[in-house]
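Hi,

Here is the structure I said I would pass on. Have a look at it first, and then read on for what turned up.

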Amino acid sequence: MKTVCKLEPDKKYVDKVASISLERINKCYQCGACTSGCPSAYLMEIKPNQVTMLLQVGDSKTLLESETPWLCLACYQCEKRCPQGISIARILEAVRETVLRKGIDTTSLSDVKEIEELPSVALVANFRKMTS
Ligand code: SF4
Ligand code: SF4
């Protein structure tokens, strides 16, 4: 039986992420070293190595619908471990950038519980990352 792929690759989006991040996404060969060292991977429905896989096939929809870009801690473990020198941190930062450039915020003050008890530096870091 012939298998038909119905996915229309979103090459424009992949090119945009590559140009913002300056990462060579196609060099990833799915070794999984990034995911195995990622402290947030257990929370991510799309794991760090799957981020490059989705971009390689042009599936921007699945990536943008996931929370993975917002769960990255920017700890750069993935970059340190990658034998191909790819930084998933920079790729995910670029993905967040594409959302924020459209003026879409992913948090608001009303989402933050017990705001008075949080360190101000954590609040500022959160709003710098999650708002346009
Ligand atoms: S930078 Fe992000 S993706 Fe990379 S290891 Fe840290 S939390 Fe995971
Ligand atoms: S460590 Fe590098 S080559 Fe391996 S899966 Fe992650 S991004 Fe791809």
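I'll start with ligand 2. Both α2 (33-37) and α3 (48-56) put at least two residues into the shell around ligand 2. That shell has 15 residues, and Cys 28, Cys 31, Cys 34, Asn 49 and Cys 82 are the nearest of them. A residue is taken as near a molecule when its C-beta atom, placed from the backbone, is within 6 Å of it. Sorted by class, the shell around ligand 2 has nine nonpolar residues, five polar and one charged. For the classes, Ala, Val, Leu, Ile, Met, Phe, Trp, Tyr, Cys and Pro are nonpolar, Asp, Glu, Lys and Arg are charged, and the others, Gly among them, are polar.

A word on conventions: this is a predicted model, in which local features need pLDDT of at least 70 and side-chain atom pairs count only at pLDDT 80 or more, while totals for chains, interfaces and linings use all residues. Residues are numbered from 1 along each chain as its sequence is written, and chains are lettered from A and ligands numbered from 1 in the order in which they are written.

Now ligand 1. Its surroundings comprise 14 residues, with Cys 38, Cys 72, Cys 75, Cys 78 and Ala 89 the closest. Two or more residues of that shell come from each of α6 (77-81) and α7 (88-100). The class count here is eleven nonpolar and three polar, with no charged residues.

On the overall fold, the protein chain has eight helices and zero strands. Along the principal axes, the C-alpha atoms fill a box of roughly 60 × 30 × 30 Å. Of the 132 residues, 24% are buried. The cut-offs work like this: buried needs 20 or more other C-beta atoms within 10 Å of the residue's own, exposed is 12 or fewer, and partly exposed is in between, with C-beta atoms placed from the backbone.

Among contacts with a separation of 6 or more, 67% join residues 24 or more positions apart. Two residues are in contact if their C-beta atoms, again placed from the backbone, lie within 7 Å. The domain assignment gives domain 1 (11-101) and domain 2 (105-132), with bounds that come from an automatic or database assignment. Over C-alpha atoms, the centres of the two domains are 23 Å apart.

The helix I'd look at is α7. Ile 88, Ala 89, Ile 91, Leu 92, Ala 94 and Val 95 are buried in α7. The cover over these buried residues includes α1 (11-21), α2, α3, α4 (60-65), α5 (68-71) and α6.

So which residues touch the most other members of the largest nonpolar core? They are Val 51, Ile 88, Ile 91 and Leu 92, in a core of 22 residues. Two or more residues of this core come from each of α1, α3 and α7, and α7 gives the most, with six. A nonpolar core here is a set of buried Ala, Val, Leu, Ile, Met, Phe, Trp, Tyr and Cys residues joined through C-beta atoms within 7 Å.

Two of those residues are worth a click. Ile 88 counts as buried because it has 28 C-beta neighbours inside 10 Å. Beyond its neighbours within four places in sequence, Ile 88 contacts Cys 34, Pro 48, Val 51 and Cys 78. With the same exclusion, Leu 92 contacts Val 51, Thr 68, Pro 69 and Cys 72.

Finally, some loop residues. Most residues other than glycine have a negative phi. Tyr 76, in the loop between α5 and α6, has a positive phi near 65°, and its 13 C-beta neighbours inside 10 Å make it partly exposed. Glu 114 has a positive phi near 50° and lies in the loop between α7 and α8 (120-130).

Cheers

Methods: Helix = DSSP H or I, 4+ residues; strand = E, 2+ residues; numbered from the N terminus.
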